[in-house]
Amino acid sequence: MRYLGSNVPAPFIVDKLSEEIFDILALSCASSFNLRYVKETIALVRGADVFSGSLIVGGRVFNLDRSLKDDVKADYHGIIF
């Protein structure tokens with residue numbers, strides 16, 4: 001498990017995913033303002049073809065509207081602290 005922290009640039013996440021094999025990538029988002037960054041990160045990760053595991057989203061914005069999981073093209077919604 002690797003915790004990368006908050007406000008991590010999407011290219012850095014792709015680099016980490018290319019260095020090791022991970023089963024799960026979990027992204028959290030608290031504000032609807034930042035939802036576009038989650039969507040961009042997921043698109044970059046999927047497009048880079050460096051990750052074949054499950055992509056989980058969570059956080060306040062997804063807890064308020066679980067259908068956003070589909071908008072950002074995540075696999076699952078989870079409670080992420």
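These legends describe close-up views of a predicted model. Local features need pLDDT of at least 70, side-chain atom pairs count only at pLDDT 80 or more, and totals for chains, interfaces and linings use all residues. Residues are numbered from 1 along each chain as its sequence is written, and side-chain values use heavy atoms, with hydrogens and water left out.

**View A. Helix H1 against helix H2.** The axes of H1 (residues 10-19) and H2 (residues 35-48) come within 9 Å and cross at roughly 35°. Axes are lines fitted to C-alpha atoms, for helices over the stretch in contact, and angles run from 0 to 180 degrees between N-to-C directions. Helices (H or I, at least four residues) and strands (E, at least two) are DSSP runs, numbered from the N terminus.

**View B. Residues between H1 and H2.** On the H1 side, Ala-10, Pro-11, Ile-13, Val-14 and Leu-17 make the contact (heavy atoms within 4.5 Å). H2 contributes Thr-41, Leu-44, Val-45 and Ala-48.

**View C. Strand E1 beside strand E2.** E1 (residues 24-28) pairs with E2 in the parallel sense over five bridges; two strands pair if DSSP finds at least two bridges between them. Ile-24 has Ser-54 of E2 as its bridge partner.

**View D. Strand E2 and strand E3.** Four of the five residues of E2 (residues 54-58) are buried, meaning under 20% relative accessible area (1.4 Å probe, protein chains only). E2 also pairs with E3 (residues 76-77), in the parallel sense over two bridges. Tyr-76 in E3 is the bridge partner of Ile-56.

Methods: Buried < 20%, exposed > 50% of the residue type's maximum accessible area, 1.4 Å probe, protein only.
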